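Please open the structure in your viewer and keep the selection panel at hand. The tour below moves from one selection to the next and says what is to be found at each stop.

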Amino acid sequence: MIRVKVQDLISQIGDLPTLPSVASRITQEMKNEALTAKMLGAIIEGDTALAAKVLRLANSAFYGLQKQVTSLDKAVMVLGFNTVKNLALSVSIHALFKGRPDSPIDVDGLWHHSLGCAVAAKVIIEKVDKKLNDDAFLFGILHDIGKIVFINARPQDYEKILLLMREKGLPQSEAEMEVMEFTHQRAGSLLLDSWKFPDSIILAVKYHHDPELKTAKIEPKEKDLIRALFLGNQLAKALHLGKSTNPVREEIPKTVWQALNIKRNEIKDVASAIQGNYELLLQAWNMEG
Ligand SMILES: [Fe+2]
Ligand SMILES: [Fe+2]
């Protein structure tokens with residue numbers, strides 16, 4: 001059923017971006033349930049620059065390892081398989097946010113917003129369930145990927161969306177529907193489906209502006225992740241981490257604070273943890289060599 005919708009997206013919007021090769025090999029093996037730690041290391045090492053970056057990030061103050069790791073095998077052993085896998089996916093996916101001189105938006109700003117949202121979602125979910133933190137990070141990286149779909153295929157039309165938001169005060173989803181007949185959250189989730197990503201991330205991207213989750217039948221763990229992603233997105237905007245195409249902050253429903261177990265007097269601490277972690281990650285991310 002969902003296949004047909006991907007076809008709708010392609011016929012309405014145009015060609016979809018291609019998943020970079022390392023990410024594509026990782027997701028393919030994940031889908032076959034054949035991805036071992038050894039295989040993951042080999043796929044990452046197939047791209048020297050990417051491997052070096054993953055290793056540098058693994059050794060950064062963001063992860064705060066006591067002892068530096070010198071190989072990907074060791075990184076997997078110390079940080080865990082899921083951390084290294086999602087880090088490699090994130091580094092690989094960064095390529096989609098680069099080299100768009102004709103873009104109507106600041107794509108690098110959108111990348112940094114995504115990185116900010118990734119850090120924020122990770123920090124937030126750690127209070128609920130530490131095991132979900134690597135997924136929260138990757139969800140943050142990918143949450144606005146639908147915007148890349150739009151910018152890629154129809155950059156001029158994306159300008160119309162921005163104009164409708166700015167000059168007519170239309171909410172983002174309405175402006176997107178008017179111009180593209182798709183919201184970026186739907187476009188993003190369909191893209192991830194066509195890339196064969198797991199259902200949990202497809203769902204999270206689809207609902208990242210809809211944290212009440214009243215209509216959807218979703219597992220509790222998944223709900224926590226979606227709400228952490230929603231809140232991370234809003235906090236990334238509030239803290240000016242990167243630049244979203246939509247500066248308007250959404251109201252955060254009570255249910256979100258409650259589900260994520262964040263009390264009013266803790267918000268300041270959460271925000272400063274996000275800010276601090278973002279700076280640590282950015283330092284390592286932007287380091288050359
Ligand atoms: Fe979004
Ligand atoms: Fe966003």
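**Before selecting anything**

This is a predicted model, in which local features need pLDDT of at least 70 and side-chain atom pairs count only at pLDDT 80 or more, while totals for chains, interfaces and linings use all residues. Residues are numbered from 1 along each chain as its sequence is written, chains are lettered from A and ligands numbered from 1 in the order in which they are written, and side-chain values use heavy atoms, with hydrogens and water left out.

Helices are DSSP runs (H or I, at least four residues), numbered from the N terminus.

**Stop 1: the cavity**

Select Y63, T83, N86, L87, K122, D134 and F137, which line the largest cavity. A cavity here is a set of points, on a 1 Å grid over the protein atoms alone, where a 1.4 Å probe fits but cannot get out, and lining residues have an atom within 4 Å of a point. The elements that give two or more residues to this lining are α6 (81-93) and α8 (133-142), and α6 gives the most, with 3 residues. The volume of the largest cavity is about 40 Å³, where volume means the space filled by probe spheres set on the grid points, which are joined across faces, edges and corners. The count of cavities of 30 Å³ or more comes to 1. By residue class, the lining holds 3 nonpolar, 2 polar and 2 charged residues; Ala, Val, Leu, Ile, Met, Phe, Trp, Tyr, Cys and Pro count as nonpolar, Asp, Glu, Lys and Arg as charged, and the others, Gly among them, as polar.

**Stop 2: the pocket**

Next select S244, T245, N246, P247 and V248, which, among the 23 residues that line the largest pocket, lie nearest its centre. A pocket is an open set of points with protein on both sides within 12 Å along at least five of seven lines. The largest pocket holds about 560 Å³ of space. The pocket lining divides into 9 nonpolar, 8 polar and 6 charged residues.

**Stop 3: the salt bridges**

How many salt bridges does a search of the whole structure find? It finds 6, a salt bridge being a side-chain nitrogen of Lys or Arg within 4 Å of a carboxyl oxygen of Asp or Glu.

Begin with E266 and K127, whose side chains meet in a salt bridge at 3.6 Å, N to O. This pair links distant parts of the chain, 139 residues apart, with E266 in the loop between α15 (254-259) and α16 (267-285) and K127 in the loop between α7 (107-126) and α8. E266 counts as partly exposed because its relative accessibility is 24%, and K127, at 37%, counts as partly exposed too; buried means under 20% relative accessible area, exposed over 50%, and partly exposed in between (1.4 Å probe, protein chains only).

Move on to K147 and D144, which form a salt bridge with the closest N and O atoms 3.5 Å apart, and both of these residues are buried. Then select D157 and R154, where the closest N and O atoms of the salt bridge are 2.7 Å apart. D157 is buried at 16% relative accessibility, and R154 is buried at 17%.

**Stop 4**

Select T183, in the loop between α11 and α12 (184-194), which is buried, with a relative accessible area of 14%. A polar atom of the T183 side chain lies 3.2 Å from the backbone nitrogen of R186. Leaving out residues up to four places away in sequence, T183 touches F150, S173, E176 and M177, contact meaning heavy atoms within 4.5 Å.

Finish with two backbone angles. Most residues other than glycine have a negative phi. E33, in the loop between α2 (21-31) and α3 (37-45), has a positive phi of about 55° although it is not a glycine, and E33 is exposed, with a relative accessible area of 75%. N261, in the loop between α15 and α16, likewise has a positive phi, of about 60°, and is partly exposed at 42%.

Definitions and conventions: Polar contact = N/O pair within 3.5 Å; in protein donor to acceptor, adjacent residues only side chain to side chain.
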